[in-house]
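Please look over the model shown here before reading on. The text that follows is meant to be read beside it.

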Amino acid sequence: MLHRAVYFLLAAFFLAACASSEVIINGTAVPPVPTLEAAMVEQGANLYAAHCAACHGAKLEGQPDWKQRNAEGVFPAPPHDGSGHTWHHSDEVLLYVTANGSTAFDPTSKMPAFKEALAEAEMRAILAFIKSRWGQREREHQWWVTATKNDARVIPTP
Ligand code: HEC
């Protein structure tokens with residue numbers, strides 16, 4: 001009898017976890033992945049095409065051989081789809097890089113700063129569009145990193 005009760009409880013916990021779809025990575029649970037707003041994704045798609053596609057690719061595919069420095073010694077633009085590493089970073093880090101460029105991390109970086117050209121809401125819309133192109137695994141991982149503030153420490157202090 002005791003065994004049955006234990007199994008029943010375990011099954012109940014398992015079902016509850018599935019129903020809420022919280023994301024659990026390395027034993028740390030965070031709330032379910034937030035839904036993307038369609039209007040924001042659409043606005044982001046237009047802004048992405050105007051400001052980011054020239055380097056990161058119309059299909060978010062990035063530039064060829066982006067994992068190594070080119071003949072001029074600089075890194076090409078990485079993809080923003082699931083094949084790149086955008087989804088490894090929190091919202092905070094991605095917004096920082098979009099606003100300030102990447103020279104704080106690498107002085108040779110060709111990633112420009114957009115804080116003069118774009119409002120924060122516009123950068124968030126671009127990010128929503130990029131997220132809409134990822135698979136479930138990338139979205140869950142990136143949400144978990146954002147919710148746990150797991151990588152916020154890499155942002156340089158002014
Ligand atoms: C002039 C070319 C260029 C444009 C335009 C550009 N980027 Fe980049 N971006 C780069 C390059 C090159 C890197 C890699 C820099 C490095 O490794 O130091 C990069 C890196 C990044 C990264 C960090 C890497 C990653 O995937 O997390 C983010 C985020 C990013 N860009 C977002 C954007 C967004 C959003 C836009 C449009 C608002 C944009 N970029 C427009 C060239 C560009």
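Predicted model: local features only at pLDDT ≥ 70, side-chain atom pairs only at ≥ 80, totals over all residues.

Residues are numbered from 1 along each chain as its sequence is written.

The chain contains six helices and two strands. Helices (H or I, at least four residues) and strands (E, at least two) are DSSP runs, numbered from the N terminus. Read from the N terminus, the order of elements is α-β-β-α-α-α-α-α. The chain has 158 residues, of which 20% count as buried. A residue is buried if 20 or more other C-beta atoms lie within 10 Å of its own, exposed if 12 or fewer, and partly exposed in between, with C-beta atoms placed from the backbone. Two residues are in contact if their C-beta atoms, placed in that way, lie within 7 Å. Among contacts with a separation of 6 or more, 58% join residues 24 or more positions apart.

Helix packing comes next. Two packed helices are described by the angle between their axes and the distance between the axes. Helix 2 (residues 38–51) packs on helix 5 at an angle of about 100 degrees, and their axes are 7 Å apart. Helix 2 is therefore roughly perpendicular to helix 5. Axes here are lines fitted to C-alpha atoms, for helices over the stretch in contact, and angles run from 0 to 180 degrees between N-to-C directions. Angles under 35 degrees count as roughly parallel, over 145 as roughly antiparallel, 65 to 115 as roughly perpendicular and the rest as oblique. On the side of helix 2, the contact is made by Met40, Val41, Gln43, Gly44, Ala45, Leu47 and Tyr48. Helix 5 contributes Glu122, Ala125, Ile126, Leu127, Ala128, Phe129 and Ser132. By class, this contact has ten nonpolar, three polar and one charged residues. Ala, Val, Leu, Ile, Met, Phe, Trp, Tyr, Cys and Pro count as nonpolar, Asp, Glu, Lys and Arg as charged, and the others, Gly among them, as polar.

Helix 5 (120–132) is also the element against which the buried residues of helix 4 pack. Those buried residues are Val93, Leu94, Tyr96, Val97 and Thr98. Gly101, which follows helix 4, has a positive phi near 75 degrees.

Which residues have the most contacts inside the largest nonpolar core? They are Ile126, Leu127, Phe129 and Ile130, in a core of 15 residues. The elements that give this core two or more residues are helix 4 and helix 5, and the largest share, seven residues, comes from helix 5. A nonpolar core is a set of buried Ala, Val, Leu, Ile, Met, Phe, Trp, Tyr and Cys residues joined through C-beta atoms within 7 Å. Apart from its neighbours within four places in sequence, Leu127 is in contact with Gly44, Asp91, Leu94 and Leu95.

The ligand is surrounded by 25 residues, the closest being Cys52, Cys55, Thr86, Ser109 and Met111. Helix 3 (53–56) and helix 4 (91–100) are the elements that give two or more residues to this shell. By class, the shell divides into 13 nonpolar, ten polar and two charged residues.

Some backbone angles deserve a look. Most residues other than glycine have a negative phi. Asn26, in the loop between strand 1 (23–25) and strand 2 (28–30), has a positive phi near 50 degrees. Asn26 is exposed because 7 other C-beta atoms lie within 10 Å. Asp65 lies in the loop between helix 3 and helix 4, and its phi is likewise positive, near 50 degrees. Asp65 is exposed, with 10 other C-beta atoms within 10 Å.

The end of the chain comes last. Val154 is in the segment after helix 6 (136–148), and Val154 is partly exposed because 14 other C-beta atoms lie within 10 Å. Val154 and Val93 are 61 residues apart in sequence, and their C-alpha atoms are 7.7 Å apart. In helix 6 itself lies Glu138, which is partly exposed, with 18 other C-beta atoms within 10 Å. Leaving aside neighbours within four places in sequence, Glu138 is in contact with Gly82 and Trp87.

Methods: Near = placed C-beta within 6 Å.
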